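User: Hi! Could you walk me through this one?
Analyst: Happy to, just ask away.
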Amino acid sequence: MKFEIVTIFPDFFRGPLDYGIVRRAREGGLVEFGLHDLRAFTRDRHKTVDDRPFGGGEGMVFKPEPLFECVESLGVAEKATRDLRRESVVLLSATGKRFDQQLAQELARLERVVLICGRYEGVDERVSEHLADRELSVGDFVLSGGAIGAVLILDAVTRLIPGALGNEASSQQESFSHSALSAAMESDGKPAPSSTCGSGGLLDYPHYTRPAEFRGWQVPEVLAGGNHEEIRRWRRRKALEKTVRNRPDLLERVRLSEEERELVEEIRATGSE
């Protein structure tokens, strides 16, 4: 997979691309990165990429000419045929659709993604209408530019590429993941006992490690008991508790079993006491 990053700050990305999973994936040949300085596609001696908005208003707006020339120089397919080529041109914008794990999984199935990093007050709307096929925001807040958002997308998507993580099951058990885990097998072909559970689109369950006692705080006994089914049920309840507390909106997007719905009502009732 290849990421093409269009930005006025190409050096900004040299740090994020040189650490952790992103670096290992790049060194392993799983992902490539192309950095494209937007100012190289300007025509004036001042390398101007922005101008005042028509109709008045605060701030400056990215001009369409350098953005179109830069993206078109990459040989990207026309919007109508990008799905066939497994390509996408993404405009990072506070007015875009909110980026989430499902979109990360969708982008991870592509062969090339172009990320246009907006800046200043905004980007000429013709870029969104005629050049980009996706307009994404990384959250309900405003950043100074799209570069930071692009780094978030790079990391979220790269870790979903097969081979990027040491344990492929890790990305399926995390918060927001809708992927179903395939059961591990014993040597006799029977399913191996498992105490883990995918989040199913909810927040992940709590995690503990050694020491078992720290400053008087004990690891829950159930986690050391060895009963996989009890551990699995405890983790599912705790995931539901955390989701009810921190992200109740997620409960509207996932399919819960009857038992889980009863647990949610119990958790809500307990929390209101």
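User: Which residues are buried in helix 6?
Analyst: In helix 6, Gly146, Ala147, Gly149, Ala150, Ile153, Leu154, Ala156, Val157 and Thr158 are buried. Buried means under 20% relative accessible area, exposed over 50%, and partly exposed in between (1.4 Å probe, protein chains only). Helices are DSSP runs of H or I with at least four residues, strands are E runs of at least two, and both are numbered from the N terminus.
User: Before I go on, what should I know about the model?
Analyst: This is a predicted model, where local features need pLDDT of at least 70 and side-chain atom pairs pLDDT 80 or more, while totals for chains, interfaces and linings use all residues. Residues are numbered from 1 along each chain as its sequence is written, and side-chain values use heavy atoms, leaving out hydrogens and water.
User: New topic: how many salt bridges does the structure hold?
Analyst: There are 25 salt bridges, each a side-chain nitrogen of Lys or Arg within 4 Å of a carboxyl oxygen of Asp or Glu.
User: Which residue does Glu27 form a salt bridge with?
Analyst: Glu27 pairs with Arg23, the closest N and O atoms being 2.9 Å apart. Because they are four residues apart in helix 1 (residues 20-27), about one helical turn separates them.
User: Is Glu27 buried or exposed?
Analyst: Glu27 counts as exposed, at 53% relative accessibility, whereas Arg23 is partly exposed at 28%.
User: And what about Arg126 and Asp124?
Analyst: Their side chains meet in a salt bridge at 2.6 Å, N to O. Asp124 is buried, with a relative accessible area of 15%, and Arg126 is partly exposed at 44%.
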